[in-house]
Amino acid sequence: MNAGQEVRYRVRGGRRLDGTVFIQGAKNAVLPMIGASLMASEGRTVLRNVPIIEDVRRAVELAQALGAKAELHEAERTLVIDASTLSSPVLPAEIAARFRGSFLFVPALLHRLGEAVIEGVGGCNLGSRNLDFHYNGFKRMGATVTEQMAGDDGVIHIKAGDLRGGTLYCDTPSHTGTENLIMAAALAHGTTLIKNAALEPEVLDNIAFLQAMGAKISGGGTGFITVEGVDGLRAVEHTVMPDRIDAGVFVMAAAITGGELNLVGAALEHLGVAGDKLEQMGVEFHQQGAVLHVRRDRPLRPINVITDEYPGFATDLQSPIMAVSCFADGPSYIYERIFDGRFKLADELRKMGADIEVNGNRAKVLGATPLRGAEVEAHDLRCGSALVLAGLAAEGETTITSAYYLDRGHAHTAERLSQVGADIEREVG
Ligand SMILES: CC(=O)N[C@H]1[C@@H](OP(=O)(O)OP(=O)(O)OC[C@H]2O[C@@H](n3ccc(=O)[nH]c3=O)[C@H](O)[C@@H]2O)O[C@H](CO)[C@@H](O)[C@@H]1O
Ligand SMILES: C=C(OP(=O)(O)O)C(=O)O
């Protein structure tokens, strides 16, 4: 998918979804694993259950730009990486600025090449998204961080020297911040303690991957992580955990259409508070081993949502639940605590007839309003998935533009939804 190509989804609403959906591997688990695999100076890493999403394609391009050999076998959902040839410390803007996960390549560059040059970091534009916890942590481990201007853009140089362990912290439990500090500590001299570490399941999956590589990490899931530095890490094989946000969106697809779905690979416990809130709205869950059965056949009740770090209500499911709330019988209240720029969705839903009041980081959604199809724009990835959900339940045709964002994080969206009865297609160009 080339930069500049327009991606659109067309959805004709009103169909009840019924059937089986395969939940993809987790975007936010595979991206740090690709970064971690670059720390192995010999051998070939094999990652399985890799989601075939645009962020993974960008990560593969970025690994190749750094000199690694990376082959994505899309049909097999398998990625093979040989990082023995890693040679460039430069994260070039034209690739790195297209996804947030690019910053997860920094620890490998510091350990393998002694420096990282960051021309750009991307990801969804969700308001302020600082990286100070990462930079401060690298500095406390002995790195120097400097910024130079190149035209209008700043280029960040991080020089590692010999990284050494120490006591680090995140002011808030940052997801990628925790992953980057763990990776920086894994090959540093001595022991590192990371306080206020993130608890997300993807962070734990990444710890399991690093442990298999030979890293000495304890305390995952407690908020206090200890890492004893080792001399080297080996290339291993690992199966990426299922994507809880992808699962949450398909739960909501069943909820918004009054449907019934079997979600293969989804785990209710990974949804945290989002699962409880959806139950309160009227969704029924039955975890049947590794398949989550979900159904909604009663009117949707309104809901209060406060986003929080795991196991709180995931900010990445906040936009999707705003779309579902439009169909609930009464006012729903949403308080977004993690990102300050996630309510552009409200303007798009209003184009479809939604009644939403926004006040700073709080929104009131007055349901139930019948939505009608319109041309709407995906301002970010989760705005895109929310608009697909709205389109599934709206009357008439919804066209979602700028849908590259949706493809950043969800694989085969149109195919998977069509297989369970949705009327949806993807167009490029
Ligand atoms: C690739 C990846 O895994 N992306 C996920 C990750 O993003 P990401 O890791 O970028 O999100 P963080 O957990 O770091 O951000 C949480 C909050 O901390 C703030 N902050 C973070 C780092 C920092 O150095 N300084 C700082 O102030 C951010 O501005 C934000 O308000 O977690 C988010 C929150 O669950 C998810 O929405 C993203 O899908
Ligand atoms: C914000 C998101 O991702 P990223 O951090 O990769 O931009 C997201 O997945 O919604």
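Visitor: From which domains does the shell around ligand 1 draw at least three residues each?
Guide: Keep in mind that this is a predicted model. The chain is assigned two stretches to start from: domain 1 (7-24 + 242-428) and domain 2 (27-239). The shell around ligand 1 takes at least three residues from each of them, so to name both: domain 1 and domain 2.

Visitor: How many residues surround ligand 1, and which are the closest?
Guide: Helix H1 (27-37), helix H5 (132-140) and helix H6 (175-186) each give the shell at least two residues. By class, the shell holds five nonpolar, 11 polar and four charged residues. Altogether 20 residues surround the ligand, and the closest are Asn28, Phe133, Ser174, His175 and Thr176.

Visitor: Which helix gives the largest share of the side of domain 1 that touches domain 2?
Guide: The centres of the two domains, taken over C-alpha atoms, are 30 Å apart. Their contact takes 20 residues from domain 1 and 17 residues from domain 2. On the domain 1 side, the residues divide into six nonpolar, six polar and eight charged. The largest share of that side, five residues, comes from helix H13 (residues 404-409).

Visitor: Are H1 and H2 roughly parallel or roughly antiparallel to each other?
Guide: Two packed helices are described by the angle between their axes and the distance between the axes. For H1 and helix H2 (residues 54-65), the axes lie 10 Å apart and the angle is about 5°. Angles under 35 degrees count as roughly parallel. H1 and H2 are therefore roughly parallel.

Visitor: How many charged residues are in the contact of H1 with H2?
Guide: On the H1 side you'll find Lys27, Val30, Leu31 and Ile34, and they meet Asp55, Val56, Ala59 and Ala63 in H2. Sorted by class, that contact has six nonpolar residues, no polar ones, and as for charged residues, two.

Visitor: Which residue in E11 is the bridge partner of Leu168?
Guide: Start with the open sheet, where four strands with mixed pairing follow the order E10-E11-E13-E12. Its edge strands, each pairing on one side only, are strand E10 (167-169) and strand E12 (216-218). Three bridges join E10 to strand E11 (residues 191-195), and the two run parallel. In E11, Leu168 has as its bridge partner Ile194.

How values were computed
Residues numbered from 1 in each chain as written. Chains lettered and ligands numbered in written order. Predicted model: local features only at pLDDT ≥ 70, side-chain atom pairs only at ≥ 80, totals over all residues. Near = placed C-beta within 6 Å. Nonpolar A, V, L, I, M, F, W, Y, C, P; charged D, E, K, R; others polar. Contact = placed C-beta atoms within 7 Å. Pairing = 2+ DSSP bridges. Axes fitted to C-alpha atoms, helices over the stretch in contact; angles between N-to-C directions. Parallel < 35°, antiparallel > 145°, perpendicular 65-115°, else oblique.
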